[in-house]
Amino acid sequence: MATAADGVGSIAIDTSQLNMSVTEPAAWATAMNNLGMVPVGLAGQQLVTDSICVRGFDPNINMLTGITPVNPMLSSMGLVAQSPPAEVPLIKEIIHCKSCTLFPPNPNLPPPSTRERPPGCKTVFVGGLPENATEEIIQEVFEQCGDITAIRKSKKNFCHIRFAEEFMVDKAIYLSGYRMRLGSSTDKKDSGRLHVDFAQARDDFYEWECKQRMLAREERHRRKMEEDRMRPPSPPAIMHYSEHEATLLAEKLKDDSKFSEAITVLLTWIERGEVNRRTANQFYSMVQSANSHIRRLMNEKATHEQEMELAKENFKNALTGILTQSLAAQAYALKEENDSLRWQLDAYRNEVELLKQEKGQLFRTEESLTKDQQLQFLQQTLQGMQQQLLKIQEELNNKKSELEQAKEDHTHTQTILKILQDQLKKNTKEFAETNGRDESQANEINVLTVPVVSQDREKNPEKRSQPLKSEKEALLIGIISTFLHVHPFGANIEYLWSYMQQLDSRISANEIEMLLMRLPRMFKQEFSGVGATLEKRWKFCAFEGIKTT
């Protein structure tokens, strides 16, 4: 027994002395194959192939070195480690104990079947025990799975083992299918194939029910505490009606901080039926004070809403101003960026032209070619800048002259309007005095305004402005005024240009349009139509200012 406790691998075997009777040849052959030896005393070859034995097992490793194989039932390592992946089969190893040895089952066979696990199971059924197995040997084997509280062994070859915790049952189920051999004996009574399965015990079920009841009580208590925590607090108790309480309540109704509490008390008294002939006056005064307070609150609410609307409008205006400023700044920045990119593009174009010229002038030296190109590039840039400066100066002079002409036109029109207003006042007075005159005389009065204006121009030659540059422009203005006066609904620039070309074929539509834009008090531009039918028309408006005055 001592040599068996040290492990099968440490036993020195002499094949000439092992001539023993084999009571169960299949079991003995499986055991010897697991040890990597040919069964002794049996004729023929191995009864079980090497594929049934442990994979990768070297039969000489324990015999030569004396290393004891790792026992998966050690308490420090645990019986079942992390579950291996599904595709990798679980390989069981030989388990050595002091009094017995457990040989693993054939890995090619299906796993042993078990019944459905009862709730709270802590007891296992162990069948297939050797006939000579005692409670001490059973406890030695299964105490490595965990603490054992009770072992009930039957006279037959089975027993029931109860563990302290439920997870220990899983470790015991792992031993199902192992072949148990007591010592090194080959007697049939000293070996047996273990069958471990779940057992249904009343003690386990009772403990499980008690645990479930305890968990249910804890859950109910937790829910009750949660409901109590989430439940809103109960309202305070309302006192009964009395004259003293009524006077205190009337004072509370006048206080803003206690008005909500006081109004609830008043409503509760009215619902209780405290109003009668004796207390009607007090209740009436309290209701009146509550009503006045509510009206004041409604007025304050209306004023606050108005202030809110005003604040919203101010915020909206400020926001729109900020947005417009930001958009204007972005537009200006984009414009500057566009200008810079345009200048860069021109510079790149000049560089490309210079490169082309360099390719065409290969006979020159590189130094002279680069100098010529640089000079040409600088000359071109200077010419472009000079032309731009000249254009800008011309535009500035034109704008200045237009501004001076507009100022002179404005002063001239103001003097004409004053003269016409005075003349109209005089004409209206004469017309009122001589009410019997006919329409022809009234027309003569209107015709008199023309020489007065001419006389005023002759008297004030310094104030009279001459916005026209030549007689040709004056002639054009006269023809255009007559043409537009005949067309009261206006005419577009193409129609006007086609009419003017019959008189002067060298005139262009752009000149006519520039001339009309220089005299905004005589000609105005209107738009008609929508979308694709949009059309610009010019109208004669010199007489409109006279009519309004």
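This is a predicted model: local features need pLDDT of at least 70, side-chain atom pairs count only at pLDDT 80 or more; totals for chains, interfaces and linings use all residues.
Visitor: What makes the contact between the side chains of R296 and E300 a salt bridge?

Guide: The N-to-O distance between the two side chains is 2.9 Å, and the term asks for a side-chain nitrogen of Lys or Arg within 4 Å of a carboxyl oxygen of Asp or Glu, so the pair of R296 and E300 qualifies as a salt bridge.

Visitor: How do you know whether R296 and E300 are buried or exposed, or something in between?

Guide: The relative accessible area is 33% for R296 and 32% for E300; buried would require under 20% and exposed over 50%, and therefore R296 and E300 both count as partly exposed.

Visitor: How many salt bridges does the structure hold?

Guide: The structure holds 18 salt bridges, and one of them is formed by D204 with R162, whose closest N and O atoms are 2.7 Å apart.

Visitor: What makes R162 and E207 partners in a salt bridge?

Guide: Their side chains meet at 3.0 Å from N to O, which falls within the 4 Å limit for a Lys or Arg nitrogen and an Asp or Glu carboxyl oxygen. This pair, too, links distant parts of the chain, with R162 in strand β5 and E207 in helix α6, 45 residues apart.

Visitor: What class does A201 fall into, and where is its place in the chain?

Guide: A201 is in the loop between β8 (195–198) and α6; its relative accessible area of 16% is under 20%, so A201 is called buried. From A201 to H160 the C-alpha to C-alpha distance is 9.7 Å, although the two are 41 residues apart in sequence.

Visitor: Why is the arrangement of α14 and α15 given the name it has?

Guide: Helix α14 (residues 493–501) and helix α15 (residues 509–517) pack at an angle of about 115 degrees, with 9 Å between their axes; since angles of 65 to 115 degrees carry the name roughly perpendicular, α14 and α15 are therefore described as roughly perpendicular to each other. Their crossing is right-handed, and in it I493, L496, W497 and M500 of α14 meet A509, I512, E513 and L516 of α15. By class, this contact comprises seven nonpolar residues, no polar residues and one charged residue.

Visitor: What name is given to the arrangement of α8 and α9, and why?

Guide: The axes of helix α8 (residues 259–272) and α9 come within 11 Å and cross at roughly 140 degrees; roughly perpendicular covers 65 to 115 degrees and roughly antiparallel begins over 145, so α8 and α9 are called oblique to each other. The crossing is left-handed, and F259, I263, L266, W269 and I270 of α8 meet F283, M286, V287, A290, H293 and I294 of α9. Ten of the contact residues are nonpolar, one is polar and none is charged.

Visitor: How do you know whether L484 is buried or exposed?

Guide: L484, which lies in helix α13 (residues 471–486), has a relative accessibility of 2%, and because this is under the 20% limit, L484 counts as buried. Leaving aside residues up to four places away in sequence, L484 touches A491, F523, W538, K539 and F540. Its C-alpha atom is 8.7 Å from that of L496, twelve residues away along the chain.

Technical notes: Residues are numbered from 1 along each chain as its sequence is written. Side-chain values use heavy atoms; hydrogens and water are left out. Axes are lines fitted to C-alpha atoms, for helices over the stretch in contact, and angles run from 0 to 180 degrees between N-to-C directions. Helices (H or I, at least four residues) and strands (E, at least two) are DSSP runs, numbered from the N terminus. Angles under 35 degrees count as roughly parallel, over 145 as roughly antiparallel, 65 to 115 as roughly perpendicular and the rest as oblique. A crossing is left-handed if the near helix is turned anticlockwise from the far one by less than a right angle, and right-handed if clockwise. Contact means heavy atoms within 4.5 Å. Ala, Val, Leu, Ile, Met, Phe, Trp, Tyr, Cys and Pro count as nonpolar, Asp, Glu, Lys and Arg as charged, and the others, Gly among them, as polar. Buried means under 20% relative accessible area, exposed over 50%, partly exposed in between (1.4 Å probe, protein chains only).
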